Amino acid sequence: MKKIISVFLASLVLMTGFIFESSITVSAAGYVKPDVLDGTDNLFLSYTFYWESPLRGRRTKEGYLPLVGYHNTAGEVTDIFFDSYLFLPCVTTTPSGGRTYKDSNNPSNFSDWKAYVDDVFLDGYNVTALNEAVGEIKAQLGEEYADFKANIFLSILYPVMTQTNFGDVDGDGITENFNNQADRRKAIKWLVDEQISRLEQANCENLNLVGFYWFEESISYTNTTEKNLLDYMNGYVKGMDYKTIWIPYYSATGYSQWESLGFDAVCYQPNYMFNESAPSSRVKTACERAYNLGMGIEIEISGSVFSSVEYYNRYMQYLKVCTEEGANQGIKMYYNDAVNGVYYDAYMSDNPLIRRIYDLTYKYASQTLNPNEIVFLDDKTNNKGYEIVSLGCTYTTTQPFTNSSAGYASVSGKELTDGIFGSSAYDTEWIAFHNTLTQEGYYYINLDLGSVYNDLSLFELELNEYISAGISLPGSVEYLVSQDGISYQSLGMASFEKYFISFTLASVKLETPVTARYVRVKIQPGSHNFVFASELSVGVRDQGRLGEGLFANIALDKNYIATTPYTDSALEYALISGKELTDGVYAASQFGTEWHAFHISNTDEGKYTVTIDLGKVYSSISRFGMELSQITSASVGLPSKVQYYGSVDGTDYTYYGEVVPTLYNQYIYDAVLDTDYKTARFIKAVLDTGSHNFVFASEFFVGVPLAAIAPELTVKAGASLTLNKDNNLCGGLTVNNTAAALRAMFTQAVIITRADGTNAADDDTVGTGYTVSYYYSGLLAEQYTVSILGDTSGDGKITSVDYLIIKRAFLGTYALDTARTIAADINGDGIITSSDYLRIKRHFFGTYNIYEQ
């Protein structure tokens with residue numbers, strides 16, 4: 001399966017041989033139903049026989065438990081998850097140097113086939129481990145599941161015709177030669193019989209053998225020799241009352257002839273997960289083909305979902321589209337890599353985004369998934385509101401580590417300032433630092449901005465965390481700046497913000513800008529061998545075309561209605577998404593999809609109008625703006641004025657004022673109106689038609705001043721909390737408090753987020769590094785980082801880990817950010833000393849209470 005994802009185009013041609021009567025009852029239309037395969041509903045592809053790395057093909061009972069039984073977020077087993085399992089070999093080299101798949105140049109031999117069978121039935125792994133796992137899950141689910149057995153399917157490998165010295169299968173002293181059709185049949189018969197025999201010997205009382213899988217993924221159905229071989233295989237297997245299945249890749253030869261080829265059931269591969277050039281419509285097309293041909297659909301996922309926004313979203317596309325198309329009502333098969341597999345890793349993860357993969361897949365499998373539950377992620381770069389001045393600038397670094405077999409082999413010297421963020425585990429956007437290549441125990445990046453800037457306020461470095469590959473976050477990141485490249489001033493330690501699964505931004509954002517030309521990044525190695533760094537963003541606050549940086553644009557991503565636009569299929573303003581005016585994207589060309597094109601043939605009583613629904617009533621609105629264009633050669637003219645109105649209820653509008661558009665540059669104009677504070681939910685812009693046929697409009701800006709006064713966040717009387725406005729820390733909290741309990745300590749409503757930026761659940765134990773955010777009128781008014789005395793690890797408890805962290809901080813081998821430094825200062829003297837880690841150690845052992853001193 002997945003023949004190195006390129007799928008070696010095997011010609012599985014059929015030959016004359018065993019004659020049988022087909023008992024296939026699949027409808028010509030509709031997804032194949034579970035009863036065709038004895039109730040097989042959700043079939044998990046369990047890969048075995050990874051000869052080069054054996055454990056990758058050997059799943060244990062523990063590995064099967066969360067696959068057999070669905071474990072909810074509380075750890076309770078509530079249902080059967082995958083009811084069926086297919087055992088098949090990984091696409092790898094065999095002990096003889098051959099291949100497990102059809103490879104005419106490197107065919108496997110008899111000893112390889114025996115080694116494969118041995119691996120499938122290895123005691124304590126694969127088949128026997130699954131049997132144990134099913135028994136354990138049945139016991140947890142109770143008497144209702146006493147009769148449950150997991151369906152299993154075994155594989156039939158392909159006898160490659162170029163193998164002329166396969167080995168003696170039948171004991172007649174003569175090696176089998178696959179140029180002879182009879183010898184190929186012998187090998188198939190041996191493999192089927194041997195696996196049935198091994199299964200009987202294993203006494204797997206919790207498993208039910210349903211049938212066999214033809215391992216090759218395409219079939220040259222017009223080749224008589226291959227057709228007869230396939231006829232023989234189907235006849236032999238079905239003669240023993242077992243079923244045969246097949247999983248062709250997308251548009252594989254023979255996929256549409258599957259029924260005439262003799263299979264009982266087939267699942268079709270969309271291959272959208274592995275093909276970068278495949279359009280998002282691929283999944284829907286695959287579903288339509290499967291439905292029309294009476295097949296099922298294979299769901300596919302790879303480990304790339306853990307490190308790539310694109311591939312995470314690709315998997316969500318499978319779940320959403322296959323649910324909408326009804327494919328979840330038929331037989332479903334699931335590809336998810338070798339051991340441990342993506343679903344197992346998702347189940348084990350404490351990252352909600354990753355865990356969501358496991359939970360949503362279960363919902364898909366159980367036909368309880370609502371497509372509206374699917375959330376697609378944005379590829380966030382996190383520096384909106386800043387003008388990045390480091391783009392294209394030169395830098396030097398500590399010597400990077402390169403690997404010729406991985407994507408970080410080529411270091412161009414542009415990875416950190418080319419504006420392209422790392423988006424996968426290994427690619428050329430990463431600089432790989434290794435702990436054998438440090439400068440006095442640190443890694444350094446030295447950036448030259450080319451000239452002195454007086455208002456630098458953003459310093460941000462993208463980092464990767466991929467522990468299984470030895471890539472960890474650094475112990476700390478410190479930013480230093482200089483005007484002359486000699487004397488440097490520290491800006492302090494960066495805070496780490498996880499913005500997608502394994503990617504993290506190490507940021508320092510200054511309220512008071514600094515003046516500098518040179519920026520130095522001092523990186524302390526982390527807990528593993530590598531630190532991977534990508535884009536280094538240094539920026540100044542962007543005052544914005546229409547006022548970002550001074551105002552919050554509350555129109556961003558809001559819905560609006562507008563006078564019917566004019567579209568032209570020959571030009572790029574033909575695509576109207578309904579977001580052109582509120583997507584935050586300013587027009588960058590004369591004709592582009594950012595423009596909403598009004599035309600004189602479509603007006604509202606001789607005017608053009610845009611009305612935005614802000615979603616709720618806002619106060620303190622005081623700036624209104626719109627981007628416009630003038631290209632007289634293309635009959636695009638300016639309105640003589642733009643009028644702005646507001647309404648609380650969407651019915652009665654108040655006139656706010658009007659403005660004449662002013663030139664921004666070349667052909668772009670801005671229509672900006674500043675007023676005293678207004679209160680409204682609906683904002684309307686009215687434009688006259690101007691002197692030409694067209695009026696082009698882009699961003700519609702509705703601004704609330706960032707400096708708008710909000711009531712101060714306060715703590716309820718009697719609560720122990722303290723809010724330090726100088727360093728934005730929330731202190732006074734003890735360990736073992738939930739997010740719900742913390743929220744209840746405030747007078748106003750607050751939002752509590754985990755250290756990774758996700759919203760905390762009510763029963764989450766709040767730890768150091770959690771964030772308390774207070775919003776007023778839709779704007780962030782105050783934000784504090786939680787610091788809990790003694791909790792330096794951030795888990796909301798006091799354990800031996802906290803003692804070790806404080807000790808390492810005292811010894812200077814571990815750097816703490818501000819919140820953790822205060823948490824580590826047990827005696828409150830402002831510095832971390834041996835007294836601090838001794839007190840926390842005594843607290844842990846119960847001989848001292850740090851909260852009673």
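How many disulfides does the rule give? The count comes to zero disulfides, a disulfide being a pair of cysteine sulfur atoms within 2.5 Å. Cysteine 322 is in no disulfide: the nearest cysteine sulfur, that of cysteine 287, is 3.7 Å away.

This is a predicted model, where local features need pLDDT of at least 70, side-chain atom pairs count only at pLDDT 80 or more, and totals for chains, interfaces and linings use all residues. Residues are numbered from 1 along each chain as its sequence is written, and side-chain values use heavy atoms, without hydrogens and water.

**Burial**

Buried means under 20% relative accessible area, exposed over 50%, and partly exposed in between (1.4 Å probe, protein chains only).

| Residue | Relative accessible area | Class |
|---|---|---|
| Cysteine 322 | 0% | buried |
| Cysteine 393 | 12% | buried |
| Isoleucine 806 | 0% | buried |

Isoleucine 806 is found in helix 11 (residues 800-811); helices are DSSP runs of H or I, at least four residues, numbered from the N terminus. Leaving aside residues up to four places away in sequence, isoleucine 806 touches Thr792, Ala824, Ile826, Ile832, Asp836, Tyr837 and Ile840. Contact means heavy atoms within 4.5 Å.

**Helix pair**

The axes of helix 2 (residues 110-120) and helix 4 (residues 181-202) come within 11 Å and cross at roughly 25°. Axes are lines fitted to C-alpha atoms over the stretch in contact, with angles from 0 to 180 degrees between N-to-C directions. Phe110, Trp113, Lys114, Tyr116, Val117 and Asp118 in helix 2 meet Ala187, Trp190, Leu191, Glu194, Gln195 and Arg198 in helix 4.

Definitions and conventions: Helix = DSSP H or I, 4+ residues; strand = E, 2+ residues; numbered from the N terminus.
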